[in-house]
Amino acid sequence: MDLVHLLTRMEHPEVPPYLLALLQSPDHRIVMIAMDGLIQQRHVEAIDPVLLLVERPEFASRHGFRVAVLEAVITLRHPKGRDFLIRLLPNLRGESAAIVIDYLSGFSREDLGKDPQQWRMWQEELDRSMIRFDTVSQRTSEIDSSSSSQGSYFFGIQIRAERLVFVIDKSASMSERLVTDVLQSSSESDSETQATRLARAQDELMTAISGLPTDAHFNILVFDGTVARWRPRLMTATLNNKASAARFVMNIVASGETASFDALRDAFSLDQNLEAVYLLSDGVPTVGRIVPAPEIIHAVSTENFFRRISINTIGIGVDRTPARFLRKLAERNRGEYEAIGNDGAAATARMLPQKSQPFLPRKVFTPPMPPILAPRVQTAAVAAKRLKDDELVLGIALDGASRAYPLNMLTGPNREIINDEVGGRPIAATWCHLAHCATVYDRRIDDQTLTMAVSGLLWNETLVMVDTTTRSLWGQLTGKAMSGDLQGKDLRRLPAVVTDWASWYEQHPETTVTMLSRTARLFDRGAFSILSDFVVGVTKGEAARAWSFDELIYQPAVNDKLTDEPILVTFHAGSRTASVFQRRIGDQTLHFEYEGGKLTDNETGSIWSLAEGQAITGPLRGKSLVRLPSVVTYHENWAAFYPASTFFNE
């Protein structure tokens, strides 16, 4: 299976025929991997063998396989797919039927349900109008909502699965009052506007259960630090079972911590043909077999590749970090995300630090972690035996020396700051996986060299550093001392870059690498799969500006300015590397164009490296643009720390 996964990522003329042959494999998992590879490449010749997969026994017996085939037909957008889906629709149920109806409704702009005669009439009308089915753009969002209003809902998410489980957080924080952002009318009572998060969840859950059709099969899991089930397996939605479930729901009491992964794992084990999970939570995971949110998303999504369960998430009273976790969990697993209320002005204040705002970090653990000093360093040739090409590294080149820090080796509270020396300069290489932010600072302030450590605090859900000399607390993203004897001082941010190991090694073959044990395997090029989440930002004095990755993917070279400084922002799509350079060479300001895969300056016609800012050919060959200190992080993190920042194309 690993080999087939690898092949699906290769662009080679021999790969599609091989994947087509694998569609006849006796192992349905191999078939699913090969099928996904073919549709990723929009290999339309796959349509006939994909349609034949409906005859396999797994199509009837395995929800995941059935969904994979339906989604493959839809993604290939071949005219044969229309007739196939319409003929098949009467035999589909639950999520499988919903997938097909949603797709067909996207073209017809109305929901004709499961009646094949209605769809055939629509098909004939479509044929008479001479409109090609496979070229009509979908307009699902414009379907008349009244035609799809039947059925049960949970916090606005329609329940269309026949085999489902509700997974409800009952940790201690669920007993807190829920305050919505919407102004309440004066006619509403205090009890209505100040209901607890758990009470709101109980009300919505009982309403959802009461609306389930009698042929649905469901269960309820509640979790804090442990997981409890209403029943040991899925139960039919009879009146007696609904009444029993309601009694179970009303007896839920909030207490304990948040073991999100354990709850999802237990939900997956309930039924081999589970179709949907509805997860409600008000915070990030704090305990369990897996705790870091990115690792949970990775583990769940990996296991769900063959199951194709839709994981729908509801964040109740959440702020940025749990909202991001729940939203990404849903996005990666074919689900929807809904946010219900938050902590109002208090949450907004935590997200938008202003000069007048007090520094109020949140304690995660105590005491501070001991600092890492003089880490083990290996040559690039030795490190290359352990590192994969697509792993992300934090790289820095100073005074003729270069060093890389693999992010998968920095993830964890005891190793997110490395006190090091590169090119004779004392530095702190820092990484916060919650903010997806890696920075390097010069550790010298005035006449002293600081040693930095992980404080055990978070501010705006981002790492807070502490120096061991004065015990001052420093923001990891900003490098500013927020409290202590050095309050108001700024560490000097150094020009570092986050890129993949293959690119860094190619550009810096002489590099050394700080090698620790791997604590994660999450941070590779795929970590940037949702480009709109990320920005690269720079600051100059009080000014700040950022460029979103989803803008840079279409415009890989941007001539811009920050105050009076002419700058060039580049983005190498293959390695997901964003860089910011000065646009000056000596007294000359250059203007760049990126066309045909080449970065060229208009003034001399020299061709430049997109990632390194170095002239490869032309009159300026060998010259290099000065790399500016920049930060890659989540869009919302940058906006939180720099609320006055401007954004490219916004």
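Is Val165 buried or exposed, and what is its relative accessible area? In this predicted model, Val165 has a relative accessible area of 0%, and Val165 is therefore buried, since that value falls under the 20% limit used for the term. Val165 lies in strand 3, which spans residues 163-169. Leaving aside residues up to four places away in sequence, Val165 touches Asn219, Ile220 and Leu221, as well as Ala267, Leu270, Leu274, Ala276, Val277 and Tyr278.

The chain has 650 residues, of which 53% count as buried, and its secondary structure comes to 20 helices and 39 strands. When contacts between residues at least 6 apart in sequence are considered, 65% of them join residues at least 24 apart. The accessible surface of the chain comes to about 28400 Å², and carbon and sulfur atoms account for 51% of that surface.

Helix packing was examined next. Two packed helices are described by the angle between their axes and by the distance between the axes. Helix 13, formed by residues 260-269, packs with helix 14 at an angle of about 10°, and their axes are 11 Å apart. Because this angle is under 35 degrees, helix 13 and helix 14 are roughly parallel to each other. In this contact, Phe261, Leu264 and Phe268 of helix 13 meet Ile296, Ala299, Val300 and Glu303 of helix 14. By class, the residues of this contact are six nonpolar and one charged, with no polar residue among them.

Helix 14, which covers residues 293-303, also packs with helix 15, which covers residues 320-331; the angle here is about 15°, and the axes are 10 Å apart. Helix 14 and helix 15 are therefore roughly parallel to each other, and their crossing is right-handed. On the side of helix 14, the contact is formed by Ala293, Ile296, Ile297 and Val300, which meet Phe325, Lys328 and Leu329 in helix 15. By class, this contact has six nonpolar residues, one charged residue and no polar residues.

Key. Residues are numbered from 1 along each chain as its sequence is written. This is a predicted model: local features need pLDDT of at least 70, side-chain atom pairs count only at pLDDT 80 or more; totals for chains, interfaces and linings use all residues. Side-chain values use heavy atoms; hydrogens and water are left out. Axes are lines fitted to C-alpha atoms, for helices over the stretch in contact, and angles run from 0 to 180 degrees between N-to-C directions. Helices (H or I, at least four residues) and strands (E, at least two) are DSSP runs, numbered from the N terminus. Angles under 35 degrees count as roughly parallel, over 145 as roughly antiparallel, 65 to 115 as roughly perpendicular and the rest as oblique. A crossing is left-handed if the near helix is turned anticlockwise from the far one by less than a right angle, and right-handed if clockwise. Contact means heavy atoms within 4.5 Å. Ala, Val, Leu, Ile, Met, Phe, Trp, Tyr, Cys and Pro count as nonpolar, Asp, Glu, Lys and Arg as charged, and the others, Gly among them, as polar. Buried means under 20% relative accessible area, exposed over 50%, partly exposed in between (1.4 Å probe, protein chains only). Accessible areas come from the Shrake-Rupley method with a 1.4 Å probe; for residues, only the protein chains shown count as cover.
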